[in-house]
Amino acid sequence: MKRIQGWGNIDTDYPVPEPAREYLSKAVGKPLKLPNIPVKELLAKIPPSTCPNHPLITADPEERLKHARGQSLNDWVDMFDGLIDTYPDGVAYPTSKDDVRTLIEFAEREHINLIPYGGGSSVTGHLTPPGEGPITISVDLARMNQLIDLNEENHEATFGAGVSGPQLEEQLRKHGYILGHFPQSWEYSTLGGWIVTRSVGQQSYHYGRIEPLFVSGHMETPSGPLDLPHVPKSAAGPDLRHMVLGSEARLGILTEATMRIRQLPEQEHFYAAFFPSFEIGVDAVRKIAQDELPLSMLRLSDPMETETTFQLSGEEKLVNLAKKGLKIFGQGDQPCMLIYGLTGNPANNRLADRQLAHFVRSYQGMMVKFYLGEAWVEKRFLTPYLRNTLWDLGYALDTLETAMPWSKLQETRNAVVQEIAHGLEADNEPVLVFSHISHVYTNGGSIYVTYLYRRAQDPHETLARWQNLKTAASQTIIDRGGTISHQHGVGIDHKPYLPIEKGALGTQMIRNMIKDVDPNNIMNQGKLIDLD
Ligand SMILES: Cc1cc2nc3c(=O)[nH]c(=O)nc-3n(C[C@H](O)[C@H](O)[C@H](O)COP(=O)(O)OP(=O)(O)OC[C@H]3O[C@@H](n4cnc5c(N)ncnc54)[C@H](O)[C@@H]3O)c2cc1C
């Protein structure tokens with residue numbers, strides 16, 4: 001069962017080992033032990049629903065609470081500290097396109113705001129009902145989760161848009177296929193959510209982002225049903241798929257999507273390599289991407305992330321031994337870990353591995369073929385559970401991301417990390433900040449930053465600290481011409497920066513498209529872009 005407060009399944013935990021607690025305490029200070037508001041108290045505070053009765057909609061308070069927020073830091077403070085002040089008035093679980101159509105027509109008639117709900121893993125405020133706004137209904141697509149069609153000749157599969165990562169891969173695996181889209185939120189995110197937020201999976205280097213995987217689909221919009229053309233490629237004017245991708249529910253509800261699939265790989269391995277500095281590591285990764293080495297993943301951590309990963313592993317003896325070894329083999333005091341993936345047939349994987357080893361050596365690095373790669377893959381979907389444990393210990397953790405051309409990547413990463421590291425000096429609060437590059441292209445890569453600071457006694461202060469850090473980092477990115485999001489989307493948190501990124505005319509074009517398709521503004525009001 002999914003947690004109502006925090007991330008993931010209630011039966012899964014990721015304890016923080018004792019030495020790691022000391023490490024964190026040294027880095028940002030001893031945390032305060034703070035209480036969380038029990039769910040019972042949250043439920044008691046929910047105001048009565050104002051939604052007119054409808055057979056597809058429930059006003060059950062627990063359902064309303066479960067759909068009230070996503071996973072952004074704001075969402076966490078709302079849910080754990082009881083600051084939550086807006087709720088959907090009802091929740092619907094449609095099982096068909098017709099149900100979705102009925103809900104849209106009802107919303108049009110009653111001036112209701114609809115917020116489609118996939119897995120609820122948004123980290124930028126996509127799911128928050130607007131304050132003092134209209135009646136809001138959360139439309140949970142969880143029951144539209146089936147494989148509708150598998151076309152083995154075309155290597156395509158059509159699914160209900162509410163299918164979650166594990167449900168999707170399980171249904172494909174039975175037939176020998178894989179989509180290969182593995183965001184870290186895979187366990188609790190859905191196909192529809194991935195498409196409308198332009199999600200990126202951990203193995204995007206091999207499988208691609210969600211965009212090239214998305215072939216076609218069906219969307220129910222306030223102006224009627226939209227069937228996207230289903231063709232391998234087309235030069236017939238602007239691509240309608242790109243209006244659905246990143247639309248963040250402002251145009252309608254995606255009910256089905258046809259995806260490009262592949263045969264299951266014969267073999268998959270993950271290994272580690274180290275470089276003596278981040279600068280050298282970035283140069284090596286750039287060259288590997290530009291030479292198009294057939295790997296399935298490249299993830300380069302900076303020295304602080306490498307150290308923190310070591311500390312959180314709980315393997316103190318092994319870590320000390322590894323650090324000594326890395327030093328002896330020329331990796332210095334601040335080694336940077338690269339995790340790479342090999343996915344395909346054994347002969348090609350062997351060849352790619354040999355090519356990679358050559359690059360690593362020529363950039364002063366060293367390969368580590370045991371433990372680290374396997375440990376990473378084992379924990380790839382477990383790591384988000386650390387956020388629960390850290391929160392309970394008294395730490396707030398958040399992440400942000402951007403993408404930059406190679407020519408600006410290192411400078412931007414350094415500037416963002418510096419802004420965050422010093423962002424709470426006025427409050428005398430240290431911040432632990434680290435980063436990695438995890439999606440690489442021939443012309444640039446993504447920068448993913450994680451930061452951790454102490455929760456304050458007053459939750460408004462915890463939020464104010466977050467807002468300071470977020471604003472400073474976002475401004476640093478935008479000033480350098482970076483994107484406000486490489487993978488998490490816009491929602492509420494990135495909305496102020498979208499017009500800067502898209503320009504005046506571009507912003508107007510997006511606005512006009514939304515107004516045209518949704519003239520009565522019933523779809524996910526207040527997200528992505530302001531309409532006036
Ligand atoms: C721990 C964690 C790790 C993450 N890691 C990654 C990562 O590696 N890569 C990445 O890209 N993102 C990541 N994210 C962000 C998040 O998982 C993605 O944005 C994801 O695509 C959201 O999918 P969802 O199904 O949970 O959508 P939701 O959070 O439910 O919704 C997000 C938005 O999509 C809309 N929506 C959902 N379904 C539909 C539909 N069928 N039709 C129309 N609109 C719809 C919602 O209304 C909302 O506006 C992570 C988040 C967390 C919490």
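The following dialogue explains how to read several features of this predicted model.

User: What conventions apply to the residue numbers and the computed values?

Analyst: Residues are numbered from 1 along each chain as its sequence is written, and side-chain values use heavy atoms, with hydrogens and water left out. As the model is predicted, local features need pLDDT of at least 70 and side-chain atom pairs count only at pLDDT 80 or more, while totals for chains, interfaces and linings use all residues.

User: What is the strand order of the open sheet?

Analyst: Strands of a sheet pair through backbone hydrogen bonds, either parallel or antiparallel. Strands (E, at least two residues) and helices (H or I, at least four) are DSSP runs numbered from the N terminus, and two strands pair if DSSP finds at least two bridges between them. Here, 7 strands with antiparallel pairing form an open sheet in the order β15-β12-β14-β13-β17-β18-β16. Because β15 and β16 (395-405) each have a single partner strand, they stand at the edges, and one side of each is left without a neighbour in the sheet. Direction ignored, neighbouring strands are turned by 25° against each other on average.

User: Is β16 mostly covered or uncovered, and what do the terms mean?

Analyst: Buried means under 20% relative accessible area, exposed over 50%, and partly exposed in between (1.4 Å probe, protein chains only). β16 is mostly covered, with 9 of its 11 residues buried.

User: Which residues other than glycine have a positive phi, and where are they placed?

Analyst: E292 has a positive phi of about 55° and is placed in the loop between α11 (278-290) and β13. E292 is exposed, at 58% relative accessible area. Y371 has a phi near 65° and is found in the loop between β15 (366-368) and α15 (372-378). Y371 counts as partly exposed, at 35%.

User: Which residues make the nonpolar surface patch?

Analyst: Patches are made of residues with over 30% relative accessible area and no salt bridge; like charges are joined within 9 Å, and nonpolar side chains (Val, Leu, Ile, Met, Phe, Trp, Tyr) within 5 Å. A salt bridge is a side-chain nitrogen of Lys or Arg within 4 Å of a carboxyl oxygen of Asp or Glu. Accessible areas come from the Shrake-Rupley method with a 1.4 Å probe, and for residues only the protein chains shown count as cover. In this model, L318, F370 and Y371 make a nonpolar surface patch of about 320 Å².

Key. Axes fitted to C-alpha atoms, helices over the stretch in contact; angles between N-to-C directions.
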